[in-house]
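Please look over the sequence and the model shown here before reading the report.

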Amino acid sequence: MHQGLRIFDTHTHLGRGLHSGRVQTVEQLLAEMDRFGVDHSLVIPFPVVEDHRAAHDEIAQAMRSHPGRFSGAACVNPFAPRRQFLDEVRRCVEELGFTAMKLQPQYQGVNPMWSTSAFVYETALAHKIPLIVHTGSGIPHALPSLQIPVAQRYPELRMVLAHCGGGGMFKGEAILAANLCPNIYLELSSLMPHDILEVLQHVPSTRLMAGSDLLESTRVELSKFFLMDMDDKARADILWNTASQLFGLK
Ligand SMILES: [Zn+2]
């Protein structure tokens, strides 16, 4: 809790990222959560890891060791052998209790428009879990607008556009995507307050959520929702209600 409000951070990472060399431990993540008053975090593997199974096991261990503090998202290289991809997502959902999947087009060069990419979306749909799609850096595959036809093709699939287009650059596309597709949600990390107010003019707060992404951003990313002018309902939706419903937090 922070200032009386529950907080669900929908974008955090654990483990070692091969692309960035960054390492984040569960102790560091918990310390940052407690420092601000984050109740619950959705933990996602970094997009490029040495071993997807090990990355998922680390998240599952954090969930077991700290009950109620963490949920997990599966992130598997889409170019791994197909059987391996499908088996690992199934293991994450059925055995480890993960409640989301992540696609990272910046490092996983998946073009949402190609039919060869359909299995990624269909796998999340088959497990009835939301698919988080990184947007922003890594265009063109990471353009929010490219998720529109996919979201329309799979109206039952709930999708979260992480970073809402990235730093405000493609915020308009993200708003458009959410307006056209009731199954698209927006995660607001990397946006400035004026960007968020613009998003709020067009997208209901029941489809908006907070995220921090990296440890050193946690307090700044989450503080912005307390420092900005917005109504109490929108603030509570962004910080807790939307995500707890979407990811089925009891
Ligand atoms: Zn991230």
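This report describes selected strands, the pairing between them, and one helix.

The model is predicted: local features need pLDDT of at least 70, side-chain atom pairs count only at pLDDT 80 or more, and totals for chains, interfaces and linings use all residues. Residues are numbered from 1 along each chain as its sequence is written. Helices (H or I, at least four residues) and strands (E, at least two) are DSSP runs, numbered from the N terminus.

**Strand pairing**

Two strands are said to pair if DSSP finds at least two bridges between them.

| Strands | Bridges | Sense |
|---|---|---|
| Strand 1 and strand 3 (residues 40-45) | 5 bridges | parallel |
| Strand 1 and strand 2 (residues 23-24) | 2 bridges | antiparallel |
| Strand 4 (residues 70-74) and strand 5 | 2 bridges | parallel |
| Strand 5 and strand 6 | 3 bridges | parallel |

**Strand 1**

A residue counts as buried if 20 or more other C-beta atoms lie within 10 Å of its own, exposed if 12 or fewer, and partly exposed in between, with C-beta atoms placed from the backbone. In strand 1 (residues 8-16), 9 of the 9 residues are buried, so the strand is largely enclosed by the rest of the structure. His-13 lies opposite Ile-44 of strand 3, and Arg-16 has Val-23 of strand 2 as its bridge partner. The hairpin of strand 1 and strand 2 has 6 residues between the strands, and Gly-21 in this hairpin takes a positive phi near 75°.

**Strand 5 and its crossovers**

In a regular strand the side chains alternate between the two faces of the sheet. From strand 5, Ala-100 and Lys-102 point one way, Met-101 and Leu-103 point the other way, and all are buried. Met-101 stands opposite Ala-74, while Lys-102 has Ile-132 in strand 6 as its bridge partner. From strand 5 the chain crosses through helix 4 to strand 6 in a right-handed β-α-β crossover. Right-handed means that, with the strands pointing away from the viewer, the path from the first strand over the helix to the second runs clockwise. Strand 4, helix 3 and strand 5 also form a right-handed β-α-β unit.

**Helix 4**

Helix 4 (residues 118-126) has Val-120, Tyr-121, Thr-123 and Ala-124 buried. Seen down the helix axis, the buried residues fall within an arc of 155°, so they line one face of helix 4; the arc is that of the directions from the axis to the C-beta atoms. These buried residues pack against helix 3 (82-95), strand 5 (100-103), strand 6 (131-134) and helix 5 (147-153), where contact requires C-beta atoms, placed from the backbone, within 7 Å. Just after helix 4, Lys-128 has a positive phi of about 55°.

Technical notes:
Contact = placed C-beta atoms within 7 Å.
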